[in-house]
Amino acid sequence: MKVIFLKDSKKYPCIFFLIFLLLQGCGKSPDQSSLNRNIDFKNAAWITDSREWPKEDSLMYGDFPAPVFRKDFIVKKDVKSAKLYITAAGYYSASLNGATIGKNILDPAWTNYSRRVYYSEYDITQDLHPGKNCIGTTIGNGFYNPLPMKMWSTYNLRDYLPVGKPMFIASLKITYDNGEIEEINTNSGWKYSYGAVIRNSVYLGEVYDAGKEIKGWNTPDFDDKGWESSVIHSGPGGKLEKAFFPAVQVTGKCKPAGIISAGKNTWIIDMGVNFTGLYTVRLKGQPGDTIAFRFGERLYEDGTLNTMTSVAGQIKRINPKGSGINEATWNSAVFNTNNGRGCPPVAWQADKYIFGESSEVSYTPLFTFHVYRFMEITGLKYKPELSDIEGLEFHSNVENGNSFSCSSDLINSIQSATRRTFLDNLVSVQSDCPGRERFGYGGDLNATADAFIYNFDMHQFYRKTLYDWLDAMKDSSFIDTAPFVGLKGCGMSWESAFIITQNKLLLYYNDTALIRELYTRDLAWMEKAARLHPSGIVDKGLSDHESLIKVPVQLIGTTHYYDCARIMKRFASMMHDNTNEKKFAKLAEDIKESVLNMYWRKSVPDTLNRQTLFATLLYYGFIPENEKKAAVDSLFIALKKAPAGHFTTGIFGTNYILNALSATGNSGSAFSIIDSKTYPGWGFMIDRGATTIWETWKESDNVYSNCHPMFGSVTEWFYRWLAGIQPDPDNPGFKKFIISPFLPSGLTFVNCSYESPYGIIRSDWQKSKSGIKHEITVPKGTTASFKVPSGGKRTFSIENKGTKKTESKDASGTSFETELAEGNYLITY
């Protein structure tokens, strides 16, 4: 088509007419464009219900029951295999003969549905019955049909996300023993009605009216003659791709720590820890009784529920304490506010259950999630038992064998809280907080990716994240989140996650294929960065967010630009692109010189956060070797002036200062700050009862989240410095790695394991009266460089537990280093 130009349309009218017809046909349903089809759905169509969605915003907050779909089919012969492929724009919950299929929840993962939609595959071979069977599916709104509330009185997600009525597509492929293949595909032959989930929102929660339950609707014997035929839809537009990353699943359950009364028929349940997920609750009541649930991370001093730290989008037009607002008012009134007509005055997390015929029920919401430690139940006329309530902890299932523990109860509590915070913020995207926003911010990714990787298997999750960024980024501006939700103010330090995360996957997993795949996009991104910041200095955007002292974006943003330049130099080398390798080497050097000229070779204002300043320069290796002592001295002067001699750094500076101190031989100073309960610090949070990490060093009971990952970079320090497990940049993927633990006087042991691509790496150490012992595991096919301070002349005994051979090596300097081949070792001295 590039051969014929528009100016030729008069010359070739028939050809242009044919092209027009072809293009028109590409968008037809149910086949859609062949570009967006997938072999697993070759004969399936997207289907939905016939209901029109309201055009008036305020009406969207009313009852719109989730549609339920069903399809009967006959299994005729002995089945060899049966695979169900299914996804939705929104969320789906699928069943076979009344039993839920699979363990995935809130599926599919959130994406830009107009670009790509991930689907899941389920093996249901063992679940089919001879004869008649039934597939049932309920679909929910998810992020494809969010409510039109205006976050921060400005951002309506419906203005930026691809939105529409929820829909789904499915194909069941049955292979019989004789080789015959039968398909059950979504089409207009599926029937639908409306079920008991009468409202569902990822932010505001769910309303379930048991009086509208349709008994047995997803079982084979149900009579669906009164149901309507499904409506075929062209789909959300995105390419169907099989999910390759961990799905969201329930991974843990917790029991309440206590229950207290908070007024007539009102109960506060303390779950003991702050977490993301849902709950199962056993209830008793009469037809029409309404039980309301609200959720919060904290309580007020009078023992009542505080919802404020997890309110969606800071929508808090009225303070509920003393305002007279009750559940009935919240659910029925239409408020004309800056947050959008119909939006509740306080967008807290809430659910509601309305009793039907059954007087004893068990209830778990379906298409929402909450972050909470405390649950308020209103309308229950008796005090529930602890055994009536069970918390359901869920997240993208990235957990593996990685673990860290030590002899300090405080550090173990910090590790536990950080790990929980990380998981709480993994519901198909890595979010900043699981209540207020739930967005995949790039800055948080840059600040904590190493820490997440040390704790979990993040390889495929982060691959999905990078595709989210591919689908989100703009040609002429930087954005803040992926998927894109309209936010564009944070700049370089946020969108650079697209480049920096690729480098993390190279370093920890040796994912070279991803770099080859994305290299042309990387080059285009660097061209955009050069257009937006032609001088090499970043002068717009957010800086060291939540630093206690101001940090200029010219420091933080520019060093992120430098990081991208040096990463791209390496990528260009891998791609044998000599021209761009030289180009990015020069760019990195030019940026480095500019930063040194601005912040090292001349005096800087005292109003600048000098902790972040000197930590950043040391972290990126900007300081010449003969001047490092001056930089370290300046860093310690800044620490001495800070409250309690602790960190005043923000989202990036905290990671920088931890690593800069340790890299310059000052791990002891970092340890003394971490292992302290004094403000500001992680120990202060724990001492104040935190079970997840706060968004700010200062305690907040209103504005800021109590479950935010950005200060979780401390857990990277545990793995990297206390256990000493460090990747070798020259041998990515842990083909060769370093074990160089720091043994502070305040600890007697550390136990740590990390699952590398080659297997488990173990670094345990213990002090005793007889000396120090290290137990080391080096996976098959790898080698490790073991390094520890020797403290002068010492003899090290190295036992290979596999070969039973022991050798002695002497150290005479300040450190001891030896190479370890694959195997299990006991090293004593």
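Analyst: What follows starts with the aromatic pairs and then turns to a helix, a helix contact, the cysteines and one asparagine.

This is a predicted model, in which local features need pLDDT of at least 70, side-chain atom pairs count only at pLDDT 80 or more, and totals for chains, interfaces and linings use all residues. Residues are numbered from 1 along each chain as its sequence is written, and side-chain values use heavy atoms, with hydrogens and water left out.

A pair of aromatic rings is described by the distance of the centres and the angle of the planes. Rings of Phe, Tyr and Trp (its six-membered ring) pair if their centres lie within 6.5 Å; planes under 30 degrees apart count as stacked, over 60 as edge-to-face and the rest as tilted. The structure holds 59 aromatic pairs. In one of them, the ring centres of Trp494 and Phe652 are 5.4 Å apart and the planes stand at 80°, so this pair is edge-to-face. Trp494 belongs to helix H6 (residues 492-495), while Phe652 sits in the loop between helix H12 (628-641) and helix H13 (653-663), so the pair ties together parts that are 158 residues apart in sequence. Helices (H or I, at least four residues) and strands (E, at least two) are DSSP runs, numbered from the N terminus.

Trp494 is buried at 2% relative accessibility, and Phe652 is buried with a relative accessible area of 2%. Buried means under 20% relative accessible area, exposed over 50%, and partly exposed in between (1.4 Å probe, protein chains only).

Phe684 and Trp694 also form an edge-to-face pair, with 6.1 Å from centre to centre and 90° between the planes. Phe684 is in helix H15 (residues 682-687) and Trp694 is in the loop between H15 and helix H16 (714-722), ten residues apart. Phe684 is buried at 19%, and Trp694 is buried at 3%. Elsewhere, one aromatic cluster includes Tyr208, Phe275, Tyr353 and Tyr372.

Helix H16 is mostly covered, with nine of its nine residues buried. Among them are Trp717, Phe718, Tyr719 and Trp721. Just after H16, Gly724 takes a positive phi of about 80°.

Next comes a contact between two helices. The axes of H3 (residues 409-424) and H4 (residues 442-455) come within 11 Å and cross at roughly 100°. Axes are lines fitted to C-alpha atoms, for helices over the stretch in contact, and angles run from 0 to 180 degrees between N-to-C directions. H3 is therefore roughly perpendicular to H4; angles under 35 degrees count as roughly parallel, over 145 as roughly antiparallel, 65 to 115 as roughly perpendicular and the rest as oblique. Gln415, Arg419 and Phe422 of H3 meet Ala451, Phe452 and Asn455 of H4, where contact means heavy atoms within 4.5 Å.

The structure holds zero disulfides, a disulfide being a pair of cysteine sulfur atoms within 2.5 Å. The sulfur of Cys564 lies 15 Å from the closest cysteine sulfur, in Cys490, which is too far for a bond. Cys707 is in no disulfide either, as the nearest cysteine sulfur, that of Cys433, is 8.4 Å away. Cys564 is buried at 0% relative accessibility, and Cys707 is buried at 0%.

Finally, Asn306 lies in strand S23 (residues 305-306) and is buried at 1% relative accessibility. Leaving aside neighbours within four places in sequence, Asn306 has contacts including Gly296, Arg298, Tyr300 and Asp701.
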